[in-house]
Amino acid sequence: MKRYRKPIQYIILAVVLLVGGYAIGQSFLTPNKALKPGSAAPAFDLLGLDGQTHSLESYRGKPLVVNFWGTFCPPCRNEMPALQAQYDKWKAQGVQLVGINLSEDRVSVGSFLRSYDIDFPVLLDKNKKTERKYGLKQYPTTFFISADGKIQDIVIGGPMSEETIESRIALLLGKD
């Protein structure tokens, strides 16, 4: 048995190097699909806390703010009142705001929203499929999407102030 130990170790090493080299090569050679301003917003179909299914397509033709957040994230919690205030300010002008919660249960999310008096639609991304489509790396992340479905701006991290949100919504509406 000792006679075969070295060749087996070399074979195992070669397999590990091949698999590792392949994985590293794929990460460098795969084109970067990161979303950026000007990209089309990826489609989603998610169940909201209101019991309705919401899709990106249902918001087509309206400026849309999509905020990815979680109750576990302090900056996410801190920017919720600013998002609600700006939603209240701009909804009469057709601006839509949707929060997409990151894989938390309905009860926790609902309780959190009631404690902050949040009434904009909140959707549940249970399987993180939408999170992956949007390429999230940090929470919160907010996408400002024009009426034609193109991403106009992305804010990574937070919390955003009311002024930051307002200035980006004004740009969505073409108001400088």
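**A walk through a predicted model**

Ile8 is partly exposed, with a relative accessible area of 43%. Hello everyone, and thanks for coming.

Ile8 sits in helix H1, which covers residues 2–29. Together with Tyr4, Ile12 and Val16, Ile8 makes up a nonpolar patch on the surface, and the accessible area of these residues together is about 390 Å².

Now to the salt bridges. How many salt bridges are there by the rule used here? The count is four, and I will show you some of them. As a general point, side chains of opposite charge can pair when their charged atoms come close.

One of these pairs is Lys89 with Glu166, where N and O are 2.1 Å apart.

Please look next at Lys91, which has a salt bridge to Asp88 with 3.7 Å between the closest N and O atoms. Lys91 has a relative accessibility of 38% and counts as partly exposed; for Asp88 the value is 38%, again partly exposed.

Another pair is Arg60 and Glu57, whose closest N and O atoms are 3.4 Å apart. Is Glu57 buried or exposed? Glu57 is exposed, at 53% relative accessible area, while Arg60 is partly exposed at 39%.

Let us move on to the stretch around helix H4. Asp125 lies in the loop between strand S5 (122–124) and H4. Asp125 does have a polar neighbour: a polar atom of its side chain lies 3.3 Å from the backbone nitrogen of Thr130.

Arg132 itself is in helix H4, residues 129–133, and with 56% relative accessibility Arg132 counts as exposed. Arg132 also takes part in a positive surface patch with Lys128, Lys129 and Lys133.

You will find Lys128 in the loop between S5 and H4, where its phi is near 65 degrees, a positive value in a residue other than glycine. Lys128 is partly exposed, at 36%. Ser103 is not a glycine either, and has a positive phi of about 70 degrees. Ser103 is in the loop between strand S4 (96–101) and helix H3 (106–116), and is partly exposed at 27%.

To finish, a word on cis peptide bonds. Tyr139 and Pro140 are joined by one, with omega about -10 degrees, and Pro140 is placed in the loop between H4 and strand S6 (141–145). The bond from Gly158 to Pro159 is cis as well, with omega near 5 degrees. Pro159 is in the loop between strand S7 (151–156) and helix H5 (162–172).

Key:
Residues are numbered from 1 along each chain as its sequence is written. This is a predicted model: local features need pLDDT of at least 70, side-chain atom pairs count only at pLDDT 80 or more; totals for chains, interfaces and linings use all residues. Side-chain values use heavy atoms; hydrogens and water are left out. Patches are made of residues with over 30% relative accessible area and no salt bridge: like charges are joined within 9 Å, nonpolar side chains (Val, Leu, Ile, Met, Phe, Trp, Tyr) within 5 Å. Accessible areas come from the Shrake-Rupley method with a 1.4 Å probe; for residues, only the protein chains shown count as cover. A salt bridge is a side-chain nitrogen of Lys or Arg within 4 Å of a carboxyl oxygen of Asp or Glu. Lys and Arg count as positive and Asp and Glu as negative; His and the chain ends are not counted. The place of a charge is taken as NZ of Lys, CZ of Arg, CG of Asp or CD of Glu. Helices (H or I, at least four residues) and strands (E, at least two) are DSSP runs, numbered from the N terminus. Buried means under 20% relative accessible area, exposed over 50%, partly exposed in between (1.4 Å probe, protein chains only). A polar contact is a pair of N or O atoms within 3.5 Å; within protein, one must be able to donate a hydrogen and the other to accept it, and residues adjacent in sequence count only if both atoms are side-chain atoms.
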